[in-house]
Amino acid sequence: MGDYADLPGVRTWYETEGSGDPLVLLHGGFCTNDTWGAQRPELAASYRLYLPERRAHGHTPDVEGPLSYTDMAGDTVAFLESVVGGPAHLVGWSDGGIVALLTALARPDLVRRMVLIGTTFRPASEAFVAPGMLDALTPDSAEMAFFRELYVAASPDGPDHWPAVATRVIDMWRTQPTLDAGDLAAVRAPTLVMTGDDDLMTLEHTAALFRALHDARLAVVPGASHLVPLEKPAEVDRMILDHLTGEDAGTMMPVLRAPDPASGRDATA
């Protein structure tokens with residue numbers, strides 16, 4: 001089931017499914033809610049799912065001016081307040097993970113636990129394995145055909161608006177986000193950082209994200225790419241559900257999470 005919410009920034013399309021504690025799924029760049037198809041049945045069995053499509057994505061119209069993750073996070077805060085009605089778990093994939101991070105920074109009271117899949121905290125030039133790949137991406141390029149089809153099938157702005165959206169999203173990737181370790185350390189939501197072992201961003205960048213967060217776990221999925229939720233759905237769903245329940249047996253020989261003798265608490269606390 002889908003409907004529109006009249007948020008202050010943009011009239012936003014969203015879908016709901018399932019019952020239980022609220023869980024918001026934030027799709028990737030150029031994507032729609034359809035890309036969560038491998039996760040929805042499993043997650044909806046335990047949670048009330050909310051799936052907003054961000055400005056200029058899916059059924060949600062474009063807005064004037066540049067696109068920014070900060071504005072998208074503002075839309076997400078408004079969505080949590082007006083549609084969800086309070087705090088929720090966030091699962092963000094790619095651009096959706098960036099939006100989740102910024103939402104947790106802006107409004108920690110609205111974010112319970114997070115899962116970040118294939119997420120960067122710096123621009124593509126600093127995070128991607130092959131940052132030059134952006135040079136090959138143009139609205140009409142073969143590499144963009146899949147995303148172009150998603151856009152044309154759903155956008156209320158019509159197919160002729162695709163080049164404007166594609167250009168501005170790629171520009172956003174080149175220059176955003178611009179978080180640093182100090183910003184990440186301020187995130188208090190317990191977070192699972194997940195990546196494929198052959199993802200778009202370097203493993204070093206993902207490890208830096210994991211290490212900078214206050215309370216994080218890291219999952220590197222073998223034999224997987226940036227599309228790990230589609231490639232390894234059973235493994236991804238299990239890890240998401242395990243993290244959201246908060247069940248943690250602990251490690252037998254912790255280092256990063258070793259107790260702090262001075263406080264008696266975990267070093268990450």
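Start by selecting Ser68, in the loop between β4 (47-52) and α2 (69-84); helices (H or I, at least four residues) and strands (E, at least two) are DSSP runs, numbered from the N terminus. This is a predicted model, where local features need pLDDT of at least 70, side-chain atom pairs count only at pLDDT 80 or more, and totals for chains, interfaces and linings use all residues. Residues are numbered from 1 along each chain as its sequence is written, and side-chain values use heavy atoms, leaving out hydrogens and water.

Is Ser68 buried or exposed? Ser68 counts as buried because its relative accessibility is 15% (buried means under 20% relative accessible area, exposed over 50%, partly exposed in between, with a 1.4 Å probe and protein chains only). Now show Asp71: the Ser68 side chain reaches the backbone nitrogen of Asp71 at 3.0 Å.

Next, select Tyr14 and Phe79. They form an edge-to-face aromatic pair, 5.4 Å centre to centre with 70 degrees between the planes. Rings of Phe, Tyr and Trp (its six-membered ring) pair if their centres lie within 6.5 Å; planes under 30 degrees apart count as stacked, over 60 as edge-to-face and the rest as tilted. Tyr14 belongs to strand β2 (residues 11-17) and Phe79 to helix α2, 65 residues apart. Phe79 is buried, with a relative accessible area of 1%.

Tyr50 lies in strand β4.

Finish with one aromatic cluster: Phe30, Phe146, Phe147, Tyr151, Trp162 and Trp173.

Key
A polar contact is a pair of N or O atoms within 3.5 Å; within protein, one must be able to donate a hydrogen and the other to accept it, and residues adjacent in sequence count only if both atoms are side-chain atoms.
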